[in-house]
Amino acid sequence: MIKGVNRQIIEINNPESEYFEKALLFLKAGRSLPVGTDEKIAAREYLCSIEKGTEQDEPELEKVYYTKSELERRKSELYARRLMLTVKILSLCLAAAGVGIAALLLLYTKM
């Protein structure tokens, strides 16, 4: 349901999309398009930019810069985490192998 009577709505039938057959764009309250701008063309351009993922209002990712020492510290932390993960995986493999060997020994000694 649409409330209010002061809303300007631009309706686009058959937008250039394989998924949608109609689009309704509501202009913000108190805003209007610049003089001389064709509403339908502006609306179609906006819809195309959304579908292509190039919407202008999307925030850019913030770039983070590190000093050389900070970068080296982060690299060493990453290396340490990878090393710990490798040690954990190897210890689990050895434990599983030990359980398997113990099961085989029990099986063969009972024969």
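Modeller: The model is a predicted one. Its chain has two helices and two strands, arranged along the sequence as β-β-α-α. Of the 111 residues, 9% count as buried.

The largest nonpolar core consists of six residues, namely I10, I12, A23, L25, A43 and L47. At least two residues of this core come from each of β1 (9–13), β2 (22–26) and α1 (39–52). In soluble globular proteins, nonpolar side chains tend to be buried together.

Take A43, which lies in helix α1. Its relative accessible area is 4%, under the 20% cut-off, and therefore A43 counts as buried. Leaving out residues up to four places away in sequence, A43 touches I10, I12 and L25. With I12 the separation along the chain is 31 residues, while the C-alpha atoms of A43 and I12 are 7.5 Å apart.

Now the view from I10. Apart from neighbours within four places in sequence, I10 is in contact with A23, L24, L25, L33, E39 and A43. Among these partners, A23, L25 and A43 are also listed in the core with I10.

For the chain as a whole, 35% of the contacts with a separation of 6 or more are between residues 24 or more positions apart.

Note on methods
Residues numbered from 1 in each chain as written. Predicted model: local features only at pLDDT ≥ 70, side-chain atom pairs only at ≥ 80, totals over all residues. Heavy atoms only, no water. Core = buried A, V, L, I, M, F, W, Y, C linked by side-chain atoms within 4.5 Å. Buried < 20%, exposed > 50% of the residue type's maximum accessible area, 1.4 Å probe, protein only. Helix = DSSP H or I, 4+ residues; strand = E, 2+ residues; numbered from the N terminus. Contact = heavy atoms within 4.5 Å.
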